[in-house]
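Please look at the sequence and the structure together, and keep both in view while reading this report.

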Amino acid sequence: MVTAQDVAELAGVSRATVSYVMNGSDLISDATKRHVMRAVEKLGYHPNGPARALAGGRTGFIGVAVRIDANTSSVELSPHLTTIISETERRGNNVLLIPGQEGLPGIRRIEKQSMVDGLLVYDIELHEDRLAGLAKLNLPCVLVGTTQDATALPSVDVDYARIGELQVDELLRVGCEEILFLDSKAEDADHFNFSRAFTIEGPAYARSKGVKASARFLEGRHWKGIAEVAQDIDTWHGRKVGIAVRTPAILDLLVATVRAHGLVPGRDLPIVAVCPNAFAQQHPVSITNIDPLAEQCSTVAVNKLYALLDGKASGPVRDVIEPELQRRESTAHPYTATLRA
């Protein structure tokens with residue numbers, strides 16, 4: 001079994017230096033860190049996390065509590081996880097996934113076993129029942145999401161209210177006089193900031209601009225859910241309807257439905273979708289989108305957590321990341337001429 005001493009001897013440094021490097025300490029120069037990590041890779045050294053924790057050091061693992069089930073969208077979750085893994089690996093650490101559906105008991109179990117150095121907690125609800133328990137943990141913790149309840153725990157999230165405003169402003173720019181907001185679950189608006197901002201605050205903002213607005217929910221994100229939209233499309237001729245979409249899955253359903261009616265999405269029917277830029281760029285139809293900035297959000301969260309681990313200031317207690325609209329349609333919207341007239 002390869003030990004830290006073996007790494008130290010190969011790298012020509014002390015065992016303490018190896019420990020510092022594996023713990024992500026800023027006391028070691030970048031050149032020495034690279035030298036030690038080359039020895040680590042050559043020997044295939046894997047730190048014993050629990051043993052290091054018992055010795056008062058770090059385990060080298062960051063816990064990520066996130067719900068993953070049959071309804072989880074890989075397009076939406078993958079950018080978060082790949083970013084977290086990349087950021088922790090850059091520090092010589094690893095990631096331990098904690099099923100979010102286990103709730104606080106699952107997190108406490110991980111803490112009791114000294115398996116992680118800190119936590120990133122996703123799926124934060126507007127009224128989050130885990131806050132008191134998370135605040136009592138002997139682990140630094142960063143929330144990824146928005147809660148309306150008072151908490152001193154640091155957090156980071158995207159400005160979803162601004163996302164809704166950008167969607168409305170863009171649809172107004174091209175002359176829409178009616179806006180339909182498409183989301184997946186009606187009950188999500190009672191629990192999550194991203195859904196409330198989209199299906200409640202978004203339509204309210206549109207109406208404040210003098211535009212008719214409503215929300216519709218595609219339960220299950222399947223063809224049955226979009227059937228009503230498909231029926232309505234035929235009644236929209238002569239009306240200036242635009243659609244705001246919240247997820248990549250719904251965007252795919254909508255695009256297929258619009259094309260089945262012989263229309264060109266984006267040209268014959270204005271659409272602004274919330275989806276990663278990479279998804280929009282690879283989509284067969286050119287759709288204007290707003291990236292939910294998963295990579296940036298998770299990078300900020302990881303940096304805040306490591307700042308806490310290192311005893312440094314982690315910036316604002318709450319970080320809010322501003323989104324930007326990416327106009328992608330290859331042809332002009334059909335309502336532009338009317339708008340200019």
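## Strands β8 and β9

In strand β9, V272 is the bridge partner of A244. Strand β8 (residues 241-245) and strand β9 (residues 271-274) run parallel and are joined by 3 bridges, where strands are DSSP runs of E with at least two residues, helices are runs of H or I with at least four residues, and both are numbered from the N terminus. Two strands count as paired if DSSP finds at least two bridges between them.

This is a predicted model, in which local features need pLDDT of at least 70 and side-chain atom pairs count only at pLDDT 80 or more, while totals for chains, interfaces and linings use all residues. Residues are numbered from 1 along each chain as its sequence is written, and side-chain values use heavy atoms, with hydrogens and water left out.

The order β7-β6-β8-β9-β10-β12 describes an open sheet of 6 strands with mixed pairing. Because β7 (212-217) and β12 (325-326) stand at its edges with a single partner strand each, one side of each is left without a neighbour in the sheet.

Helix α8 (residues 160-173) lies across β6 (178-183), β8, β9, β10 (288-290) and β12, and it runs at about 165° to β9; such angles, from 0 to 180 degrees, are taken between N-to-C directions of axes, which are lines fitted to C-alpha atoms, for helices over the stretch in contact.

Strand β1 (residues 61-66) has 5 of its 6 residues buried, where buried means under 20% relative accessible area, with a 1.4 Å probe and protein chains only. With strand β2 (residues 94-99), β1 pairs in the parallel sense over 6 bridges, and P99 in β2 is the bridge partner of V66.

G118 belongs to strand β3 (residues 118-121), and it counts as buried because its relative accessibility is 0%. Apart from neighbours within four places in sequence, G118 is in contact with F61, I62, G63, L139, P140 and L305, contact meaning heavy atoms within 4.5 Å. The C-alpha atoms of G118 and L308 are separated by 8.8 Å, although these residues are 190 residues apart along the chain.

## Helices α1 and α3

The axes of helix α1 (residues 4-11) and helix α3 (residues 30-43) come within 9 Å and cross at roughly 120°. That makes α1 oblique to α3, since angles under 35 degrees count as roughly parallel, over 145 as roughly antiparallel, 65 to 115 as roughly perpendicular and the rest as oblique.

In this contact, D6, V7, L10 and A11 of α1 meet H35, V36, A39, V40, K42 and L43 of α3.

Methods
Buried means under 20% relative accessible area, exposed over 50%, partly exposed in between (1.4 Å probe, protein chains only).
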